[in-house]
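User: Take a close look at the ligand site in this model. Which contacts hold the detail, and what surrounds them?

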Amino acid sequence: MIEEIKKRRTFAIISHPDAGKTTLTEKFLLYGGAINQAGSVKGKATAKHAVSDWMDIEKERGISVTSSVLQFEFGGCCINILDTPGHQDFSEDTYRTLMAADSAVMVIDASKGVEAQTRKLFKVCAMRHIPIFTFINKMDREARDTYDLLDEIEKELGIPTCPVNWPIGSGKQFAGVYDRSHKKIELFEDTMKGTRVGTTKEIGLDDPQVTSYVSEDALELLREEIELLDGASAEFDQEEVDAGRLSPIFFGSALMNFGVETFLNHFLAMTTPPLPRMSDQGLIDPMKEEDFSAFVFKIQANMNKAHRDRIAFMRICSGEFEAGMDAFHVQGGKKVRLAQPQQMMASERKMIEKAYGGDIIGIFDPGIFAIGDTITVSDKKFAYEGIPTFAPEHFARVRQVNTMKRKQFIKGISQIAQEGAIQIFQEFNTGMEEIIVGVVGTLQFDVLEYRLKNEYNVDIILENLPYEYIRWIENTDIDLEELRGTSDMKKIKDLKGRPLLLFINSWSIGMTLERNEGLELSEFGRS
Ligand code: G4P
């Protein structure tokens with residue numbers, strides 16, 4: 001069992017939409033032999049569906065509107081890639097998924113650099129101090145200056161970088177990469193526009209034959225850049241990488257299959273097997289703890305009226321899982337049978353019999369699990385650290401069309417919030433009569449409207465609010481009446497009565513902090 005766990009590599013790919021996450025994932029599957037030909041993983045075409053197609057999306061993608069995980073084998077490792085939905089699917093689930101990963105691969109478009117969504121996802125990874133690997137993609141197109149890109153990553157994200165390889169040209173001139181540890185040039189050969197696995201040719205920088213592959217100018221530039229790099233960039237240091245304080249950098253083109261295999265090889269050697277997780281009884285180490293344990297990081301409600309079941313996605317943290325096994329739901333204080341376990345393979349769902357620490361499984365949920373819950377075996381009653389609440393960025397006031405249906409409305413909206421699809425807040429000085437909904441991605445507003453109508457028979461009107469920033473107040477002893485905010489600031493509270501602040505402008509946050517000495521604001525809510 002420990003051998004099986006040691007083989008696991010569970011990671012998420014984070015990127016801004018269009019940087020090439022889907023393409024790179026597909027190429028990993030291609031190299032892993034899980035698919036035969038590029039083009040078979042559903043990508044953007046599905047993700048770009050309008051909301052009115054919601055049910056169709058459900059049908060087409062099974063439960064995977066906020067899908068789960070792809071598993072395949074490569075180089076003796078069993079790889080779990082966690083899907084972090086982007087585009088319109090971007091939601092709190094995207095962030096929560098990162099809680100189940102042991103490391104992250106950050107894909108950056110070489111012509112664009114660090115973009116908004118990368119920044120947000122990076123922050124969540126950085127909060128957990130997990131290793132972050134960077135793949136600078138689309139080198140087959142005109143790229144920005146390599147040094148500029150690295151500088152931007154370091155300055156904008158605050159993480160030092162260490163290029164493992166270095167690109168030779170970009171666009172049509174992109175010939176390959178120079179591998180700094182092997183001190184060899186890897187030349188890319190034709191991959192029939194990326195449809196087949198590419199072969200690479202290795203050649204020493206000083207090999208007399210090198211000039212027949214790379215132009216004199218490009219070689220000279222490469223020599224200069226390497227010399228500069230050896231003097232200027234951070235040295236590779238596995239401990240720093242493990243602690244999430246240094247990001248190894250790779251260059252390539254996912255579309256052309258250039259640099260994908262070399263990335264996989266280096267990445268798998270540098271990334272980590274399943275990591276220990278904090279619980280209320282200290283760290284639980286999968287290499288030592290033999291019994292099964294897991295935590296729920298996502299709950300997917302079935303949108304189909306005929307099937308009101310839900311799927312609870314859990315990350316196995318230790319031990320071995322067997323289909324139908326009896327387990328213990330710590331928060332519920334009850335025994336549970338883990339039925340209908342599922343896993344995603346490429347674009348299909350399949351039932352599984354066994355899974356191990358590091359794996360992700362989806363379990364049929366009769367409505368007992370909540371996000372962050374721990375599942376153990378009966379004589380172990382520890383609970384894993386909860387999953388924080390992430391800052392929504394879109395807010396709306398919710399009004400009912402028919403006020404007679406107050407009860408259903410409250411029930412529906414509370415249940416949907418409990419599943420974690422939305423967050424609900426109240427005006428600071430009133431009760432449930434005024435409800436403010438916060439979401440990470442605007443699609444969740446449509447989901448809320450759709451589900452309230454279809455499952456609870458309640459019509460609502462959403463009135464968008466201009467706020468974009470929310471902050472939890474960390475101080476427990478603060479007098480909110482005395483708080484000196486900005487004109488765009490609004491005080492609200494969550495369902496537990498904890499105070500929060502909403503702002504329209506980001507600079508107002510700094511201003512409010514300045515005006516109130518000792519005030520502590522946080523972007524993450526404690527569960
Ligand atoms: P995402 O999941 O991060 O959103 O990105 P995705 O892989 O869907 O890629 C977005 C677009 O970028 C796709 O073009 C894809 O083919 C292209 N792309 C991905 N990797 C590379 C690369 O290494 N080089 C080049 N040149 N292009 C790449 P598309 O589906 O044709 O859409 P669009 O071009 O019409 O937007």
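Analyst: A polar side-chain atom of threonine 23 lies 2.5 Å from an oxygen atom of the ligand. That is a polar contact, meaning a pair of N or O atoms within 3.5 Å. The model is predicted: local features need pLDDT of at least 70, side-chain atom pairs count only at pLDDT 80 or more, and totals for chains, interfaces and linings use all residues. Residues are numbered from 1 along each chain as its sequence is written, and side-chain values use heavy atoms, with hydrogens and water left out.

Lysine 21 places a backbone N or O atom 2.8 Å from one oxygen atom. For leucine 255, a backbone N or O atom lies 3.2 Å from an oxygen atom of the ligand. The ligand has 710 Å² of accessible area on its own, and the protein covers 72% of it. Such areas come from the Shrake-Rupley method with a 1.4 Å probe.

Now the shell. The ligand is surrounded by 18 residues, each with a heavy atom within 4 Å of it. Asp18, Lys21, Thr22, Thr23 and Asp140 are the closest. By class, the shell holds four nonpolar, eight polar and six charged residues. Here Ala, Val, Leu, Ile, Met, Phe, Trp, Tyr, Cys and Pro count as nonpolar, Asp, Glu, Lys and Arg as charged, and the others, Gly among them, as polar. Helix 2 (residues 21-31) supplies the largest share of the shell, three residues. Helices are DSSP runs (H or I, at least four residues), numbered from the N terminus.

Definitions and conventions: A polar contact is a pair of N or O atoms within 3.5 Å; within protein, one must be able to donate a hydrogen and the other to accept it, and residues adjacent in sequence count only if both atoms are side-chain atoms. Helices (H or I, at least four residues) and strands (E, at least two) are DSSP runs, numbered from the N terminus.
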